[in-house]
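These are my notebook entries on one protein chain. Each entry records what I looked up and what I found.

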Amino acid sequence: MASGKASGPSPSGEDARSGHALTAEERAEYERLRRVTGVRHRRLRRVGASVLLVLTLLLAPLAVVAAWVHDTVSDTDRYVQTVAPLASDPAVRKTVIDRLTNRVVDNIDVEAVTASLTKALADTGAPPRVVDASENLAAPLRSAVQTVVHRNVSRVIAGDAFEQVWEGANRRAHAAVLNMLTGEREGALRATGEAVELDIGSVVDQVRQRLVDQGFEKAAVIPDTDRTIALFETEQLGKAQDAMRLLDIMGTWVPVLTVALAALAVWTAPGHRVMLLVTALGIGLMMVLLLVALAVVRRVYLDGIPPGAQSTDAAAAIFDIFVRFLRESTRTLLVVSLITALSAYLYGPGRAARGVRRLARRGATAAGQALNRAGLRTGTAGRLLAEHRSWATGITIGAGALALVLWNHPTVAAVALVLALVLVVAALVAVLAAASGPAPAADEPGHAVP
């Protein structure tokens, strides 16, 4: 040992080069400063992780709503899928039938028909009693007309053709409005500057061809100019298109930003597992609050309907059907959050978590030993799985998470299916690792290999 040197390595490279040995006071001061720096660093990480967590929780409901609105407004297929059940809902059908019946009956002048009948009877010399009685036929005639119209309208609305017409009408209307809001030059409804125009080119072509087919050969020279009709002009059209672009950005990037902030919060925190647990529980709580908010909005919406303006059952059905995908997405994210929180807890040092892990290991070991006794051994592959079990489990969980990310609008049932597959694969990996059998004995030194 060299004289004047510390017996242990110097904590500072500069001190090692200079050959200076730290005294007890200097080493104590060094350790104190290192602890203070470590505490300050951990405190800074906690503050940063807390800020990221708060931003994540605030953006989580907004991300779900923005994604739902984006899908409903900008995707015609999704919108049609949303409103399609309205055509088969009994309360909505009853409202449509009643309104169509009233509209048809209101356009029939029953009083004029009754007056004409009374005049005709008087002109033909009918007895005064018959003429006077005919004036009282208005109410029975209106009732009879309403019954006939109601029966025929009900047959039309209750048929499959109504659902097809409903879907086609909503698809065309949504596509037209979407093209107008996005400024695309497709479809019949277009936006040019601040004007909304209707393209009647296809109608002109059909009319011209039909006239030619019916012998009006001069119709072939109908010009192709003036194929659009200006419906109206509004200064708000530009604002509506700007709002549509903002909605498109929010619906795409707010969910991505929320996931990124959550990942940063977990990565920044000193305790990754604890922060993952807290983040998952926080997002789950926000999803519960979003479901409560939807229930409150539904109640306010139904209470705000004027008496006699609309059937309450129909209004409730319309609201429930229209927001059902939002509710479904919220419930799905709630279930995913609870599963994530439970997984983070089971990987922790808690007594219940250790008990669950111990029970799972015992079960896998017992199953692997049963396979060994049956002569089914996994050999080298099983030993590799046993040595890299954490990697195999991580890859399995990652594959399940990737499946949910790539799943188009996953539901609670989809989450349950993926979770079941992940658990089955993880259990299978554990059993195969336990069924590897004893490792081959190593060759003893000095003995030749036979």
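**Entry 1: Helices α16 and α17**

I began with the crossing of α16 and α17, and found that α16 passes α17 in a right-handed crossing. The model is a predicted one, and I read every entry below with that in mind. For the geometry of this pair, I noted an angle of about 165° and axes 10 Å apart. Angles over 145 degrees count as roughly antiparallel, and α16 and α17 are therefore roughly antiparallel to each other.

I then looked up the loop between α16 (389–406) and α17 (412–434), where H409 lies. The phi angle of H409 is near 55°, which is a positive value in a residue other than glycine.

**Entry 2: Helices α15 and α17**

Next I turned to a further partner of α17, namely helix α15, which covers residues 379–387. α15 and α17 pack with their axes 7 Å apart, at an angle of about 120°. I recorded α15 and α17 as therefore oblique to each other. As for handedness, α15 and α17 make a left-handed crossing.

**Entry 3: Helices α11 and α13**

I looked up how helix α11 (residues 272–303) packs with helix α13 (residues 324–346), and found an angle of about 155° with the axes 8 Å apart. That angle makes α11 roughly antiparallel to α13. The crossing of α11 and α13 is left-handed. Which classes of residue make up the contact of α11 with α13? I counted 16 nonpolar residues, four polar ones and four charged ones in this contact.

**Entry 4: Aromatic pairs**

How many aromatic pairs does the structure hold? I found two.

I took W68 and F322 as one entry: their ring centres are 5.9 Å apart and their planes stand at 80°, so this pair is edge-to-face. The pair links distant parts of the chain, since W68 belongs to helix α2 (residues 24–74) and F322 to helix α12 (residues 312–322), 254 residues apart. W68 has a relative accessible area of 14% and is buried. F322, at 33% relative accessibility, counts as partly exposed.

I then noted the pair of Y301 and F319, which is stacked, with 5.5 Å from centre to centre and 25° between the planes. Y301 is in helix α11 and F319 in helix α12, so this pair ties together parts that are 18 residues apart in sequence. The relative accessible area of Y301 is 30%, and Y301 is partly exposed. F319 counts as buried, at 12% relative accessibility.

**Entry 5: Arginines over a ring**

I looked up which residues lie over the face of F325, and R78 is one of them, at 3.9 Å from the ring centre. R324 also lies over the face of F325, at 4.3 Å from the ring centre.

Is I305 buried or exposed? I recorded I305 as buried, at 16% relative accessibility. I also looked up the separation of I305 from A315, which is 10 residues away along the chain, and found 8.4 Å between their C-alpha atoms.

**Entry 6: Residues apart in sequence**

L257 has its place in helix α10, which covers residues 237–268. Its relative accessible area is 44%, and L257 is partly exposed. Although L257 and A63 are 194 residues apart along the chain, their C-alpha atoms are separated by 8.7 Å.

W166 lies in helix α8, which covers residues 160–182. W166 has a relative accessible area of 25% and is partly exposed. From W166 to V80 I noted 9.3 Å, C-alpha to C-alpha, across 86 residues of sequence.

Key: Residues are numbered from 1 along each chain as its sequence is written. This is a predicted model: local features need pLDDT of at least 70, side-chain atom pairs count only at pLDDT 80 or more; totals for chains, interfaces and linings use all residues. Side-chain values use heavy atoms; hydrogens and water are left out. Axes are lines fitted to C-alpha atoms, for helices over the stretch in contact, and angles run from 0 to 180 degrees between N-to-C directions. Helices (H or I, at least four residues) and strands (E, at least two) are DSSP runs, numbered from the N terminus. Angles under 35 degrees count as roughly parallel, over 145 as roughly antiparallel, 65 to 115 as roughly perpendicular and the rest as oblique. A crossing is left-handed if the near helix is turned anticlockwise from the far one by less than a right angle, and right-handed if clockwise. Ala, Val, Leu, Ile, Met, Phe, Trp, Tyr, Cys and Pro count as nonpolar, Asp, Glu, Lys and Arg as charged, and the others, Gly among them, as polar. Rings of Phe, Tyr and Trp (its six-membered ring) pair if their centres lie within 6.5 Å; planes under 30 degrees apart count as stacked, over 60 as edge-to-face and the rest as tilted. Buried means under 20% relative accessible area, exposed over 50%, partly exposed in between (1.4 Å probe, protein chains only). A charge sits over a ring if NZ of Lys or CZ of Arg is within 6 Å of the ring centre and within 35 degrees of the ring normal.
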